Amino acid sequence: MLRFALLFTAILIGLFTLELMPFGQQWVVIPFTAFIAKISAWLIQLFDHGVHAYGIVLLDKASGFAVSIEAGCNGIEASIVLIAAMFAFPASLRMKLIGIAIGILAIQAMNLLRIISLFYLGQWNQTAFEWAHLYIWQSLIILDVLVVFLIWLRYLPRVKPHHGPEHASA
């Protein structure tokens, strides 16, 4: 358990440091956030053609309402927590990579639902938007990371417990 905690903390610090560095922002965070905005706009346009993405901003042309997807709202931080937990846990590299790939997809799917729901909630009521943005969705995204990690643990191959040296029976 100590090994997991130390490794988890070290990976977490390393990945958050990379995320916050200027090159991490320029080459990963901002392009990824713009990509998330485009996917959100594409999903919304399936039933509402007046919504467009401009960089990291979602805009409803009819009402003029817009949301800017900022750092902390793009699912990257939640993905970093999941990556750190899976890499710190003793499992095969194959299982870690599969878990991370599926886990990031699950986190981003939940994050798209979050962004779209907040986009419409903000047009309806600003107080409800702030409350859902700061309390409900933050908790749900972290809960999503925990559930993905627990499901991943469930699918890991079982390790047989070692009970000391084996004795040959006569």
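When I give an angle between two elements today, it is the angle between their N-to-C directions, on a scale from 0 to 180 degrees. With that in hand, hello everyone, and let's look at this predicted model together.

Helix H2 lies across strands E1 and E2, and H2 runs at about 170° to E1.

Those strands belong to an open sheet of three, ordered E1-E2-E3, with antiparallel pairing. Which strands stand at the edges? They are E1, residues 51-54, and E3, residues 66-68; each has a single partner strand, so one side of each is left without a neighbour in the sheet. On average, neighbouring strands here are turned by 15° against each other, ignoring direction. If you zoom in on E1 and E2, you'll find four bridges joining them in the antiparallel sense. Val51, for instance, stands opposite Asp60 in E2.

Back to H2 for a moment, and to one of its residues, Gly24. Is Gly24 buried or exposed? Its relative accessibility is 6%, and buried means under 20%, so Gly24 counts as buried. Setting aside residues up to four places away in sequence, Gly24 touches Leu18, Glu19 and Val29. Pro90, on the other hand, is 66 residues from Gly24 in sequence, and their C-alpha atoms are 28 Å apart in space.

Now please find helix H3, residues 76-88. Among the buried ones are Ile76, Glu77, Leu82 and Met86. Their cover includes helices H1, H2, H4 and H5.

As general background, nonpolar side chains in soluble globular proteins tend to be buried together. Here, the largest core has 22 residues, and Phe4, Phe8, Leu82, Met86, Phe149 and Trp152 make the most contacts inside it. H1, H3, H4 and H5 each supply at least two of the core's residues. Which helix gives the largest share? H3 does, with nine residues.

Conventions
Residues numbered from 1 in each chain as written. Predicted model: local features only at pLDDT ≥ 70, side-chain atom pairs only at ≥ 80, totals over all residues. Heavy atoms only, no water. Expected span 1.5 Å × (residues − 1). Buried < 20%, exposed > 50% of the residue type's maximum accessible area, 1.4 Å probe, protein only. Contact = heavy atoms within 4.5 Å. Pairing = 2+ DSSP bridges. Core = buried A, V, L, I, M, F, W, Y, C linked by side-chain atoms within 4.5 Å.
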